[in-house]
Amino acid sequence: MKPEIQIPTLVSNPPVNTPQNPSNPSKIPIRPQKIRKLSSTTETSQSIVTSNSTGTITKNRRRGLSQLTKTLPQIIKPLSANGEIENALRHLRLADPLLCSLIDTLPFPVFESHQLPFLALCKSILYQQLAYKAGTSIYTRFVSLCGGEDVVCPDIVLSLSAQQLKQIGVSGRKASYLYDLSNKYKNGILSDDTVVKMDDRSLFTMLSMVKGIGSWSVHMFMIFSLHRPDVLPISDLGVRKGVKMLHGLEELPRPSEMEQLCEKWRPYRSVGAWYMWRFIEGKGTPTTAAVVMEGGRIQPLQQIEPPQEAQQHQLQLLEPINGIGSLGACIWGQ
């Protein structure tokens, strides 16, 4: 007679004196695999603490520290800080030999503008699509209407009527841009303090939400107002022309090519861009792709792009450029 075959139950190794009742879900034990998975983070943290106390470097410690550094805010040292330009030039010399001759022959880069972010952004809006002289005249009248540069603030701008702004030469569209910027400041979406402390990616996203402020204006603001060290204005015609001449290219590099060609400049792409503006200025490039010199500083000019490129760039949050001779001169200087 064959022995009776017993089919094992679903629950293996049940505890002693524990009634087996598979129909009751509350009695089904937790699988050990899940317990181990949930405790892996704790084990990693304990390993990190042990390593810190013993001086032993483990794989868990390195992994844990790399994860921690991703969550910590990065300290941004502006180019106007002591010694930062020297650090940038040392890096660029080693990273890109093509820049060595430019660094040796061109003036020392200077980043001196210290206007408050709100005032600088208002200024960028007012100068859009205008020549240097016209932009300066309107900006001067705007500051006078507000009561001086020191008092320009969101509440003051919102107190001005569209008719008052029109009388000093500000178009209705630009007035709406100024109001939108002021409202975002007043509602707490933006502030001078948060703008200064934001990382580059977050700042680009937040400022691009303001009507009338596109990628070119954001890049110029980051370089010449906040003195951020690693900004590459890929849509700026002057920088593209400089990279074209530096590398001996037949055509202007597209944005994706700019990223590749200038990758070696990190983390000082702003200074590399500065040299591109000076480089093409020395080559006699026409004014719509050149820079304006003022007090030893340069201010890049807002560029004009072919209609096809402009439409494509608008889809990528690049601001539209509509008229000829649109010079954003002196926007970012003092």
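Predicted model: local features only at pLDDT ≥ 70, side-chain atom pairs only at ≥ 80, totals over all residues.
Colleague: How far apart are the end C-alpha atoms of α15?

Modeller: Helix α15 covers residues 269-282, and its end C-alpha atoms are 20 Å apart. That agrees with the 20 Å that its 14 residues should span at 1.5 Å a residue; the expected span is 1.5 Å times one less than the number of residues. Helices (H or I, at least four residues) and strands (E, at least two) are DSSP runs, numbered from the N terminus.

Colleague: How many residues of α15 are buried?

Modeller: In α15, 12 of the 14 residues are buried, where buried means under 20% relative accessible area, exposed over 50%, and partly exposed in between (1.4 Å probe, protein chains only). Among them are Trp274, Tyr275 and Trp277.

Colleague: At what angle does α13 pack against α15?

Modeller: The angle between α13 (residues 237-247) and α15 is about 80 degrees, and their axes are 8 Å apart. Axes are lines fitted to C-alpha atoms, for helices over the stretch in contact, and angles run from 0 to 180 degrees between N-to-C directions. Helix α13 is therefore roughly perpendicular to α15 (under 35 degrees is roughly parallel, over 145 roughly antiparallel, 65 to 115 roughly perpendicular, and the rest oblique).

Colleague: Which residues make that contact?

Modeller: On the α13 side they include Val239, Val243 and Leu246, and on the α15 side they include Ala273, Met276 and Phe279; contact means heavy atoms within 4.5 Å.

Colleague: Changing topic, how many salt bridges are there?

Modeller: A search of the whole structure finds 9 salt bridges, each being a side-chain nitrogen of Lys or Arg within 4 Å of a carboxyl oxygen of Asp or Glu.

Colleague: Which residue does arginine 269 pair with?

Modeller: Arginine 269 forms a salt bridge with aspartate 230, their closest N and O atoms being 2.9 Å apart. This pair links distant parts of the chain, 39 residues apart: arginine 269 lies in α15, and aspartate 230 in the loop between α12 (215-224) and α13. Arginine 269 is buried at 8% relative accessible area, and aspartate 230 is buried at 16%. Salt bridges with shared partners join Asp230, Glu259, Glu263, Arg266 and Arg269 into one network.

Colleague: What covers the buried residues of α9?

Modeller: The cover includes α5 (117-127), α6 (132-146), α7 (154-159), α8 (162-167) and α10 (192-197).

Colleague: Which salt bridge involves aspartate 193, and is that residue buried or partly exposed?

Modeller: Aspartate 193 meets lysine 197 in a salt bridge (3.5 Å, N to O). Aspartate 193 counts as partly exposed at 45% relative accessibility, whereas lysine 197 counts as exposed at 63%.

Technical notes: Residues numbered from 1 in each chain as written. Heavy atoms only, no water.
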